[in-house]
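Thank you for making time for this today.

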Amino acid sequence: MPAPSRPHAAPVPLPRLRSARPHKPGFIRRGLDRQDPAIRHAARRVLTLVCLLPMLLILGREAPRLAQSPLVLGYGFTVLIGTIAMLYIAYSRYDDPSERLLRRRPRAKDLAAFPPLPTVPRVSFLLAVKDEEECIEDCVRSMAGSDYPDLQVVVVDDLSEDGTRDVLRRLEAELGITVIYLEKNVGKKHALVRACEVADGDVIAFTDSDCILAPDALARCVRALTTHPELGAVSGHARALNAADTFFTKAQDVWYEGQFRVAKAAESTFGSVTCVSGPLAVFRRDAIYNYLPAWAGDRFLGAPFRFATDRQLTGYVLGQRWRGKALKRRYADSPFVTAQDYPERAWRIGYVQSAKVWTNVPARFKPFMKQQIRWKKSFIRNLFFTGSFMWRRGPGPAALYYGHALWVVAAPVMAFRHLLWAPLHGAAFLTLLYLCGVILKGCVWGLAFKIDNPGDGRWRYRPLMSLLSALVLAWLLPYSFATIRRGVWARGAN
């Protein structure tokens, strides 16, 4: 029986970001796209090495001094080597799985273990919302306005106390979406699991309540899944919707671009993206369905853990081959487990650069800090789960994951050593060297942004974001750990 047609949703205008406007690829990109895949990838490697040559020369010039002062130079060398490696992987090896068949795939006999999706799978697009009267209409309209033919949109209102429910009732009647009105606040994860109870799609997609999606974003993610049956999930590409508002929003916009275009692209080349981010997270049903009760009931240090909504669900896809049976046994009586027991598979997870979504980011310092603390808590909790098996996924994914974890854990130690201990002990030059290294790294990431977004002058905010990270955000990790059992679901970019 064909799916009932949905009323046409009024198109939502895309945000006025210079870098978000469609632009014609440069002559180098057009030339590479016309080449045989082997030639194209070889040329990309060469071009990437040429662009990274200045940093390689700096490493080569300073390498003899490393043996003389390992404590002074060791941290900077390690960070610079890690940055070079990540940029090289991201720019020389990444391919968008919605546009090309990936080169690195499981062997034919292993690929047969992944059942293909239907040519046009049914998609359930889910959203949980609480007190988002100002932005919820644009978000829901962009969901319902997706250029995808077989779409079910389900919104759960988690007991909003403003005018959100009135907006949703109007949209429900106009757009033909499904809205679930909860009479008790249950939190974001439990609200989304309620949506999953009525979701009937082969693919389950999520977004956040302050996001706007490009019309083709969802279709591109689904195309990546149907073309590559080994992908259990993919992440879209997020930028700041309110990028022009303040210094913080401009800096975050550039930071988002790097985290997706570089960090997720590098992880994607190994099929091991460690966080399918909330603005656009698209999963195969059989990759997550059995683990939804474990996700909603997640506990850490003896208390319910309400953060890590995207990181933890991603971890269940990455690690179900080793942790899946135990998770399902723990919730053996749940309808999500008894309805259909899906086999534990060695899923891969990708990133779709062309699937654009924009999200409101904090515009002021206090909300920005609250967001960063939430993210640090999510990182800590996920480290104890995903960190327990990531080494099994191979040397490449392990190096990226544990290298990043080590950098985050070492950041407050290095900040204390360079910003407090060094000047108090007459080593102010060490402080200056540390800050110069931070700015250099930020400039490198800023130039990467400039290459991907020609004509966008926001690249200059990336070194400032690096300084903010070193001077302020590094100290949040110990505080986040100390307060990790404290947590409420609250959003807002103001």
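This is a predicted model: local features need pLDDT of at least 70, side-chain atom pairs count only at pLDDT 80 or more; totals for chains, interfaces and linings use all residues.

Residues are numbered from 1 along each chain as its sequence is written, and side-chain values use heavy atoms, with hydrogens and water left out.

Let me start with the chain, whose secondary structure comes to 18 helices and 10 strands, where helices (H or I, at least four residues) and strands (E, at least two) are DSSP runs numbered from the N terminus. The radius of gyration is 23 Å, close to the 23 Å that the globule rule gives for 494 residues, so the chain is as compact as a globular protein of that length; the radius is taken over C-alpha atoms, and the rule is 2.2 Å times the number of residues to the power 0.38. Along its principal axes, the C-alpha trace spans about 70 × 55 × 45 Å. Buried residues make up 55% of the 494 residues, where buried means under 20% relative accessible area, exposed over 50%, and partly exposed in between, with a 1.4 Å probe and protein chains only.

Now to the sheet. In what order do the strands of the open sheet run? The 8 strands follow the order E3-E2-E1-E4-E7-E6-E10-E5, with mixed pairing, and two strands count as paired if DSSP finds at least two bridges between them. Strand E3 (178-181) and E5 stand at the edges, each with a single partner strand, so one side of each is left without a neighbour in the sheet. Further in, E1 and strand E4 (residues 203-206) pair in the parallel sense over 4 bridges, and Leu126 stands opposite Phe206 in E4.

Helix H5 packs on this sheet, touching E1, E2 and E5, and its direction makes about 175° with that of E1; axes here are lines fitted to C-alpha atoms, for helices over the stretch in contact, and angles run from 0 to 180 degrees between N-to-C directions. H5 covers residues 136-144 and is mostly covered itself, with 7 of its 9 residues buried, among them Ile136, Cys139 and Arg141. What covers those buried residues includes strand E1 (123-129), strand E2 (151-157), helix H6 (164-175) and strand E5 (211-213), contact meaning heavy atoms within 4.5 Å.

Elsewhere, the axes of helix H9 (residues 247-268) and helix H14 (residues 365-385) come within 11 Å and cross at roughly 30°. That makes H9 roughly parallel to H14, a label given to angles under 35 degrees, whereas over 145 counts as roughly antiparallel, 65 to 115 as roughly perpendicular and the rest as oblique. The contact is made by Phe248, Gln252, Trp255 and Tyr256 of H9 and Phe365, Phe368, Gln371 and Trp375 of H14.

Finally, the two loop residues. Most residues other than glycine have a negative phi. Leu159, in the loop between E2 and H6, has a positive phi of about 60° although it is not a glycine, and Leu159 is partly exposed at a relative accessible area of 26%. Leu301 has a positive phi of about 55° and lies in the loop between strand E8 (299-300) and strand E9 (303-304); at 47% relative accessibility, Leu301 also counts as partly exposed.
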